[in-house]
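Okay, everyone, let me put this one up on the screen.

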Amino acid sequence: MVEETTLNMVKELVEGSPERKFSESVDLAINLKNLDMSQPKNRVDEEIILPNGLGKSLKIAVFAKGEVGLNAKEAGSDYVLTEEDIKELGEDKSRARSLANECDFFISEVQYMPLIGKTLGAILGPRGKMPVPLTPDKNVTDLINSTKNSIRIRSKDRLTFHVSVGRRDMDVEKLAENIETVLYRIEQSLEKGKHNLKSVYVTTTMGKSVRLV
């Protein structure tokens, strides 16, 4: 069950924002305090599975071959890329940047990780899109399914950062549950938990903002 306060805040946001002709994103604007963000240990870098997804389909690319590649395609991967593709992307930076911007998540068989780091790390790394390693104990289908509901939160060296938690046309209770999941994980990652949160606002793409914290 979600907190009534969170639910009421999300209702206020959705009901108070004018209708748009497109599906608006619902985002959190998170402001931290009393942290030295020049120290990597204080930065937020979390991958979170949202209980209700983002309300939109995410694009996923998988670096794999053979049966794993076939399974990835059947599981809904938008791209299945081989070792040769990795080398070609490394030589065509424009295409590599385009793919990095288009896809939300990357997954890779472990044997390709060193090559990806060497050839594509400079492009994927700063975007927070280095592949999730597909270790032998993981099933690519399960990983794709969980990734479709995942978000990556990275504060980098900033005290203020934003993260998407769903779409405006989602059920308000599901949005509230996503928000509480994200806030819980952020608090868990901070040195002093909620005492390092200065403020948290929930907002739509072009609508109003409502303060949660």
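So, E2 and strand E7 (residues 150-154) run antiparallel, with 5 bridges joining them. Two strands count as paired if DSSP finds at least two bridges between them. Glu47 has Arg152 as its bridge partner in E7. Strand E2 covers residues 45-49, and its covered face is Glu46 and Ile48, while Asp45, Glu47 and Ile49 make up the uncovered one.

Quick housekeeping: this is a predicted model, where local features need pLDDT of at least 70, side-chain atom pairs count only at pLDDT 80 or more, and totals for chains, interfaces and linings use all residues. Residues are numbered from 1 along each chain as its sequence is written, and side-chain values use heavy atoms, with hydrogens and water left out.

Now the open sheet: 4 strands, in the order E4-E3-E5-E6, with parallel pairing. Strand E4 (79-81) and strand E6 (132-134) are at the edges with a single partner strand each, so one side of each has no neighbour in the sheet. From one strand to the next, the twist averages 20°. In the parallel pair of strand E3 (residues 60-63) and strand E5 (residues 105-109), there are 4 bridges, and Ile60 has Phe105 as its bridge partner in E5. Helix H2 (residues 66-74) packs on the sheet, touching E3, E4, E5 and E6, and its direction makes about 170° with that of E4. Those angles run from 0 to 180 degrees between N-to-C directions, with axes fitted to C-alpha atoms, for helices over the stretch in contact; contact means heavy atoms within 4.5 Å.

On to packing. Which residues touch the most other members of the largest nonpolar core? They're Leu28, Ile30, Leu32, Ile153 and Val182, out of 46 residues. A core here is a set of buried Ala, Val, Leu, Ile, Met, Phe, Trp, Tyr and Cys residues joined through side-chain atoms within 4.5 Å, buried being under 20% relative accessible area with a 1.4 Å probe, protein chains only. Helix H7 (residues 172-189) gives the most to this core, 6 residues. Beyond its neighbours within four places in sequence, Leu28 has contacts including Phe161, Val182 and Leu212.

Key
Buried < 20%, exposed > 50% of the residue type's maximum accessible area, 1.4 Å probe, protein only. Helix = DSSP H or I, 4+ residues; strand = E, 2+ residues; numbered from the N terminus.
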